[in-house]
Amino acid sequence: MHNVFKSIGYFVIFMTALSQAARADTIYTEAREAILVDAATGAVLFSKSGDEPMPPASMSKMMSVYMVFSRLKEGSLSLDETLPVSENAWRKGGAKSGGSTMFLKPGSRVKVEDLLRGIIVQSGNDACIVIAEALAGSETAFAEAMTAKARSIGMTNSTFVNSTGWPDPNHRTTAKDLAILANRTIQDFPELYHFYSEQAFEFNGIRQFNRNPLLGRSPGADGLKTGHTKEAGFGLTASAKRGDRRLTLVINGLPSKKARMEEPLRLIDWGFREFNNYALFKAGEVIDTVSVWLGTNATVPLIVKDPLFLTLSRKDRAGMKVTATYQKPIPAPIAAGQKVGTVTFTFPRREAIVVPLIAGDEVSQLGAFSRVISAVRYIIFGES
């Protein structure tokens, strides 16, 4: 550690760093709802009405895909398996429905792999309904399962009433919940996530292109899903990885396709430019070695149990202080893992973070005679 000084009975450390929940106060977006999250630390770099209920439109389809990915991973479904296209799926999600479609033919059977591409690339409502009916018996039952699964992965403010995102006053989620869904998709299904980066898909002789405006335009962009209805406006859930960092953005309520093309690119670039991740402590890292009072060992190492990995902004960096506080010497007996102090991170614009300091080794207490001798030595020579 740097800039270290000692005072009577205490040890204080000052260092330069930033807050984990870094605050962004210099960025603007015309979106109605937006959130930008660092995938590794969970730090929210920017939020505008991120917890407000909103209509997600076709971004809902990420939850339908998550359900399919889950079944594929557990082995109860395969990519080569074919599913039937019902009259209902064709009427509600086909070309005549007026929504996004994969142009499935009623009475046909379609591979799960093609249905996934139809949902992700082409945003096919028909493909979603086929999946829902096959996996749950009805779209209503599937939507109930979607809601239950969403709650189980932390999407506490999401309720789905259909598989597609078709407008319904009870079909709601939040930008924060969609960011959770995006990151869980990437973390839980790395072997399947590649579907989200495909830029085009052809089915039944009809070639359609992925509407995600970041694919091929923003470095590292590899997903996820657009959405649009009159009520929702234009929206996008996007994720991009540059080097070791991944940022996830949810943006909704934009006025046009042009805005959906420009705003996400600007916000993603800003997040990578203005923030970085820093490993401040490693698990088990020794902060200091401290003298022990009346112990079988003269010293004990002080460590932090867990790693500390923070997302830090340039602007906040100079304003953070880190202070380690503990008694010196530490009286024996000392148990390994015993809390003996704290490391406190203080910030100009957020609440402090307090990390326990624990003893790295066990130190027994000296016997009665040895304690007397040690105490005398300390009084005369200042040695424990």
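Strands are DSSP runs of E at least two residues long, numbered from the N terminus. By that rule, L224 is found in strand β9. The model described here is predicted.

**Backbone features**

The peptide bond that leads from G223 to L224 is cis, and its omega is near 15°. P329 has its place in the loop between β16 (321–326) and β17 (330–331), whereas L224 is in a strand, β9. In general, most peptide bonds are trans, and most residues other than glycine have a negative phi. F103 has a phi near 65°, a positive value in a residue other than glycine. The loop that holds F103 lies between α2 (87–93) and β6 (109–111).

**Packing around helix α1**

Helix α1 covers residues 61–74.

| α1 and α6 | 175–188 | within 11 Å | roughly 25° |

The axes of α1 and α6 cross at roughly 25°. Angles under 35 degrees count as roughly parallel, and α1 is therefore roughly parallel to α6. The crossing in which α1 passes α6 is left-handed. On the α1 side the contact is made by M62, M63, Y66, F69 and K73, and on the α6 side by L178, L181, R184, T185 and D188. By class, the residues of this contact are six nonpolar, one polar and three charged.

The residues K61, S64, V68 and R71 in α1 meet N125, C128, I131 and L135 in α4. Four nonpolar, two polar and two charged residues make up the contact of α1 with α4.

The contact of α1 with α3 divides into eight nonpolar, no polar and one charged residue.

The largest pocket holds about 320 Å³ of space. It is lined by 20 residues, of which S58, G99, S100, H228 and T229 are the closest to its centre. Two elements, β9 (221–229) and α7 (257–274), each give two or more residues to this lining. The largest share, five residues, comes from β9. By class, the lining of the largest pocket has three nonpolar, twelve polar and five charged residues.

The second largest pocket holds about 180 Å³. Its lining consists of I35, V37, G42, V44, K176, A179, I180, N183, R184 and Q187. Here the elements that give two or more residues are β3 (33–38) and α6 (175–188), and the largest share, six residues, comes from α6. The lining of the second largest pocket divides into five nonpolar, three polar and two charged residues.

**Cavity**

How many cavities of 30 Å³ or more does a search of the whole structure find? The search finds one. The space in the largest cavity is about 50 Å³. P55, P56, A57, G165, W166, P167, D168, H171, R172, T229 and E231 form its lining. The lining of the largest cavity has five nonpolar, three polar and three charged residues. T229 lines this cavity and is also among the residues closest to the centre of the largest pocket.

Technical notes. Residues are numbered from 1 along each chain as its sequence is written. This is a predicted model: local features need pLDDT of at least 70, side-chain atom pairs count only at pLDDT 80 or more; totals for chains, interfaces and linings use all residues. Side-chain values use heavy atoms; hydrogens and water are left out. On a 1 Å grid over the protein atoms alone, a cavity is a set of points where a 1.4 Å probe fits but cannot get out, and a pocket is an open set with protein on both sides within 12 Å along at least five of seven lines; lining residues have an atom within 4 Å of a point. Grid points are joined across faces, edges and corners, and a volume is the space filled by probe spheres set on the points. Helices (H or I, at least four residues) and strands (E, at least two) are DSSP runs, numbered from the N terminus. Ala, Val, Leu, Ile, Met, Phe, Trp, Tyr, Cys and Pro count as nonpolar, Asp, Glu, Lys and Arg as charged, and the others, Gly among them, as polar. Axes are lines fitted to C-alpha atoms, for helices over the stretch in contact, and angles run from 0 to 180 degrees between N-to-C directions. Angles under 35 degrees count as roughly parallel, over 145 as roughly antiparallel, 65 to 115 as roughly perpendicular and the rest as oblique. A crossing is left-handed if the near helix is turned anticlockwise from the far one by less than a right angle, and right-handed if clockwise. Contact means heavy atoms within 4.5 Å.
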